[in-house]
Amino acid sequence: MIQFVAQRILIACLRLLIASLIMLVGIELAFRLAGGAIDHAWTIAPELFSGAFLNDLFFARLIGSSLVFGLGFLLVLFVGYGWGLVAARLRWLQARLWLSAPLALLSCFPIFWVLVMVAAYAYWIWDRPGFANEIAIEEGPDWLGWWHAAVQGLCVGAGPAVWQLGAVSAIIGKSAAQPFVGGLFRAGFRESFVFYRHFVRGSISQLCGLLDRTVPCLIGGLIVAETAFRYDGLGSWLVASALGGDYLGMFVAGWCLTLPVVAIRCFRECLERFWDSAGDRSDA
Amino acid sequence: MPDSPTNKRRSRLSPPLVAAFARLWRERWILALALIYWITIGWLFLGERPVDLRPERLLAVDDSAQWLPPGSVHWLGTTPGGEDLLMVSRLAIASSMARAVLVAFGGVGLAVVIALIGSLDLWQGRWRFFKEIGESFDCLPAMWVFVVIGAGLSGRWDWFLGLAMLIIGWQASRSMRLWTDQLRQSRHHLVGHGLGLSTRQLLIRRIIPVLLRRSVGLIALLIPVVVMLEMSLGFLGLTGDWLNIGTLVAEAQPYLLEAPWLIIGPGLIAGGFITIFSILGFAVARATGAREIPIFL
């Protein structure tokens with residue numbers, strides 16, 4: 001297992017390297033070749049290796065984006081796996097449809113519009129600044145910061161959570177259609193026993209496979225949400241850098257946003273392997 | 001033994017016509033959905049349209065601004081130039097829809113080609129190398145690519161169509177590859193091989209028709225996704241002069257306090273259309289058997 005984990009970490013590093021090269025090629029193609037800029041993409045190297053971007057603002061952005069991403073990802077995990085399990089358990093009531101309906105409806109509205117509306121509502125109804133950059137808390141717990149992150153996390157995570165819910169309930173539902181299920185019921189086993197002991201346990205490996213599928217979509221939403229809500233994060237930094245032609249900002253923000261995708265994929269591969277080897281041991 | 005006479009009345013129509021009618025009857029739900037779909041799209045593209053649709057012109061505020069709040073004549077209010085906001089929003093959605101249809105068709109076409117290349121395994125072992133590189137490409141968030149390329153080529157509309165087709169084609173090819181593998185492992189395929197049919201024959205008679213049928217479902221699901229993507233890029237200021245809901249909302253933000261209807265109306269219209277097209281898309285995908293769709297972008 002340790003050998004496998006080390007191998008996957010090495011592959012994750014290689015993936016990150018390839019993604020970094022693709023980023024450099026993308027910047028070169030877009031700005032130098034097609035956009036007619038003077039500088040090449042690799043002129044960022046001195047600043048990159050001297051760590052010129054490592055200032056307080058960078059760390060504040062990193063923490064801000066991590067908060068939004070973390071809350072969005074928690075929502076995806078909770079709704080996707082938790083509600084997906086409930087939806088599969090209550091499949092004869094079409095629970096998948098009515099459980100996913102509120103978040104599906106939210107995800108049909110553009111993220112930027114919902115966040116602008118939230119800001120306007122906060123201003124009109126609660127009589128306080130709406131957008132995230134309009135007030136800074138200097139003392140005491142930053143509840144307002146948590147509120148800003150939570151609103152964005154909800155908007156960003158709604159769509160991926162609905163997809164995850166559907167995928168989880170479909171995977172468990174597929175196990176329920178297997179031929180041995182009828183035999184178990186005829187043998188007198190209770191529905192809850194069959195569900196948790198056979199359907200869920202038999203699908204865990206496939207369910208682990210869904211862990212990283214929504215992460216790129218979450219990151220994409222994060223870029224739009226932070227810009228719309230005027231939140232200091234890596235997503236808004238990326239957009240500002242791209243519009244201002246700042247290669248270093250584009251590369252560093254892109255690298256930081258790619259890192260969670262690679263890390264969660266690596267974790268998923270290890271988890272799948274661990275579960276498969278645990279299953280083999282229990283079979284033996 | 002002589003043929004026994006039957007009481008069945010023979011159809012006067014020629015057999016191919018009867019077969020075609022029977023086939024249409026079998027596909028009646030898909031046809032009904034397609035009809036609703038195209039009626040909605042038709043409504044979007046009908047009606048009057050002003051000559052100049054540039055967002056900054058539509059939302060330019062000067063001394064002669066004549067904006068009106070929502071009322072019985074203008075349900076969503078008017079722009080500073082006096083244009084009906086409902087009509088402007090409809091045109092914005094229509095232009096986004098047109099581009100989305102183009103991107104979805106192109107992307108899914110590309111996905112079919114990628115899946116068939118993988119299915120034929122033209123490069124034998126080399127396919128695996130490209131798959132590994134592709135997995136590294138998947139780690140890069142698609143929105144990063146759109147933002148950077150869009151900013152570099154700002155003001156040129158063709159970049160979005162080409163890039164979106166490529167990225168969506170790559171992402172949709174995952175579903176296509178999965179379906180191709182499932183079909184190749186199905187009983188029909190094995191029986192076909194047992195009966196002596198070649199891989200090429202099975203591909204043409206069995207796999208390609210199923211892939212094309214499911215492609216329709218995939219396209220229907222992709223259209224609202226691409227509309228949403230284009231609106232988001234428009235909001236970020238990366239689509240130049242295109243009229244779309246994102247650009248309208250971004251341009252109207254300075255007037256949020258004086259004229260909130262400039263933002264509320266277009267957003268509601270966009271949300272309504274994406275909801276309708278998503279529901280229709282899921283119905284079409286279900287009717288065509290397109291399942292196990294990945295999350296896009």
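The structure is a predicted model, in which local features need pLDDT of at least 70 and side-chain atom pairs count only at pLDDT 80 or more, while totals for chains, interfaces and linings use all residues. Residues are numbered from 1 along each chain as its sequence is written, and chains are lettered from A and ligands numbered from 1 in the order in which they are written.

Confidence was examined through pLDDT, the predictor's confidence in each residue, from 0 to 100. Chain A has a mean pLDDT of 90. In this chain, 98% of residues reach 70 or more. Among the elements of chain A, helix 9 (residues 215-228) has the highest mean, 95. Helix 7 (residues 180-186) has the lowest, 84.

Chain A has eleven helices and zero strands. Helices (H or I, at least four residues) and strands (E, at least two) are DSSP runs, numbered from the N terminus. The C-alpha trace of chain A spans about 75 × 55 × 40 Å along its principal axes. Contacts were assigned where C-beta atoms, placed from the backbone, lie within 7 Å. Among contacts in chain A between residues at least 6 apart in sequence, 77% join residues at least 24 apart. Burial was assigned by counting other C-beta atoms, placed from the backbone, within 10 Å of a residue's own: 20 or more is buried, 12 or fewer is exposed, and in between is partly exposed. Of the 284 residues of chain A, 41% count as buried.

Helix 1 of chain A has 33 residues. Its first and last C-alpha atoms are 46 Å apart, close to the 48 Å expected at 1.5 Å a residue; the expected span is 1.5 Å times one less than the number of residues. The buried residues of helix 1 include A:R15, A:M23, A:I27 and A:F31. After the helix comes A:G36, with a positive phi near 80°.

A:G130 is in the loop between helix 5 and helix 6 of chain A. A:G130 counts as buried because it has 22 C-beta neighbours inside 10 Å. Beyond its neighbours within four places in sequence, A:G130 is in contact with A:A119, A:A120, A:A122 and A:Y123. A:P179 lies in the loop between helix 6 and helix 7 of chain A. With 6 C-beta neighbours inside 10 Å, A:P179 counts as exposed. A:P179 and A:C108 are 71 residues apart in sequence and 38 Å apart in space, C-alpha to C-alpha.

Positive phi also occurs at residues other than glycine. A:Q94 has a phi of about 55°. A:Q94 sits in the loop between helix 3 (56-89) and helix 4 of chain A, and is exposed, with 10 other C-beta atoms within 10 Å. A:R230 has a phi near 55° and is found in the loop between helix 9 and helix 10 of chain A. A:R230 counts as partly exposed, with 16 C-beta neighbours inside 10 Å.

At the interface, 44 residues of chain A are in contact with 38 residues of chain B. Elements giving two or more residues to the chain A side include helix 4 (95-108), helix 6 (143-176) and helix 11 (247-283). Helix 1 gives the most, with ten residues. The chain A side divides into 34 nonpolar, seven polar and three charged residues. Here Ala, Val, Leu, Ile, Met, Phe, Trp, Tyr, Cys and Pro count as nonpolar, Asp, Glu, Lys and Arg as charged, and the others, Gly among them, as polar.

The largest nonpolar core has 157 residues. Such a core is a set of buried Ala, Val, Leu, Ile, Met, Phe, Trp, Tyr and Cys residues joined through C-beta atoms within 7 Å. A:L115, B:V147 and B:L222 have the most contacts inside it. Helix 9 (residues 199-235) of chain B gives the most to this core, with 16 residues. Leaving aside its neighbours within four places in sequence, B:V147 is in contact with A:I223, A:L238, A:V239, A:A242, B:L236 and B:L238.

How values were computed. Two residues are in contact if their C-beta atoms, placed from the backbone, lie within 7 Å.
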